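The sequence and structure are shown first.

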Amino acid sequence: MKTNLFIPTLNAGKKWHEALEQLTSQALPLHRKVIIDSGSTDGTLDDPLLKDFDVISIDKKDFDHGGTRQMAVEKFPDAEIFIFLTQDAIPAGPYALSVLVAALENNPKLGMAYGRQLPHHGATTLESHARLFNYPKKSEVRSLEDRHRYGIKTISCSNSFAAYRKTAFFDAGGFPRGLILGEDAYIAGKMLLKGWEMAYIANAQVHHSHDYTVSEEFKRYFDIGVFHADSAWIFDHFGRAEGRGLEYLQSEIAHVLKHDPKVLPKSIGSLFAKWSGYKIGLMYKGLPTSFNKFLSMHKHFWHSTQ
């Protein structure tokens, strides 16, 4: 199936060249490779491996998690599959993309599929656990009926490594504009409500992880709370996130005690930051915009709310 690849970029940094090297060695032939750059100043667009990429340049202030990706798809819709990567997701071997696309080719009911994220080499204990918990070794296919079993986990997805069937993508309305983040879970939920299925493909893999500080975890989960507050239909159809959070807490504490007990204080601090950030984010509509911007990781979002 003809496939287009889309990657938003902004000062992609040290891992960028390695990511491009892995992309050039992929077994899957790509119809187009598209960069959507938000004004990089670190030479991101100067890498010689970008010679066969289409580049869309936008102003940094105009970046929108869903809207920017949607704009790129509408500019280059000439494929049956759309793959989205983030700039710091490094394919783990030459078949990462082809395995993901094969899942869609082999199951016409699938609207989208996302792959497994492995920690970057040298990752810390906490960032490694986050990947092990959220991206297990076993693949699965989920439909709307699974909401009774999995709750909000039913629409767990990723904007760092996922492939979408064009017909399902547009049937679900595409990526929305105006969300602080979470466009991947948003469209996954819309697809399931339209009768499509989604798949987690564990043997399609990229290296992608983050070593967040406690403060960064608070800000990131504040933004997740904002996303859920703005997308209340997700709770209505798939349940709330608190139960999933408790599972994560228990898993991380056990992982830390087993592998690196000295990071337990940071683990406890991070877990509290996630919980409190998320709870405050859910209540953001009752707070001043300037305060929300201060608490947020994605500060550019708040320019559009003022």
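## Basis and annotated domain

Helices (H or I, at least four residues) and strands (E, at least two) are DSSP runs, numbered from the N terminus. The model is predicted: local features need pLDDT of at least 70, side-chain atom pairs count only at pLDDT 80 or more, and totals for chains, interfaces and linings use all residues. Residues are numbered from 1 along each chain as its sequence is written, and side-chain values use heavy atoms, with hydrogens and water left out.

In an unreviewed entry, UniProt lists residues 6-169 as "domain: Glycosyltransferase 2-like"; such annotations may be inferred rather than shown by experiment. This span is 30% helix and 23% strand, and its end C-alpha atoms lie 14 Å apart.

## Aromatic pairs

Rings of Phe, Tyr and Trp (its six-membered ring) pair if their centres lie within 6.5 Å; planes under 30 degrees apart count as stacked, over 60 as edge-to-face and the rest as tilted. By this rule the count is 19 aromatic pairs. Phe 222 and Trp 302 form a tilted pair, with 6.4 Å centre to centre and 40° between the planes. Because Phe 222 lies in helix α8 (residues 214-230) and Trp 302 in the segment after α12 (289-295), this pair ties together parts that are 80 residues apart in sequence. Both Phe 222 and Trp 302 are buried (under 20% relative accessible area with a 1.4 Å probe, protein chains only; exposed is over 50%, partly exposed in between).

Trp 302 also pairs with Tyr 284: the centres are 5.6 Å apart and the planes at 70°, so the pair is edge-to-face. Elsewhere, ring pairs link Phe 6, Phe 82, Phe 84, Tyr 164, Phe 169, Phe 170 and Phe 175 into a cluster.

## Charges over rings

A charge sits over a ring if NZ of Lys or CZ of Arg is within 6 Å of the ring centre and within 35 degrees of the ring normal. Lys 190 lies over the face of Trp 233, at 4.3 Å from the ring centre, and Arg 240 over the face of Phe 235, at 4.2 Å.

## Buried charges without a salt bridge

Asp 146, in the loop between β7 (140-142) and α5 (147-150), is buried yet has no salt bridge (a side-chain nitrogen of Lys or Arg within 4 Å of a carboxyl oxygen of Asp or Glu).

How values were computed
Lys and Arg count as positive and Asp and Glu as negative; His and the chain ends are not counted.
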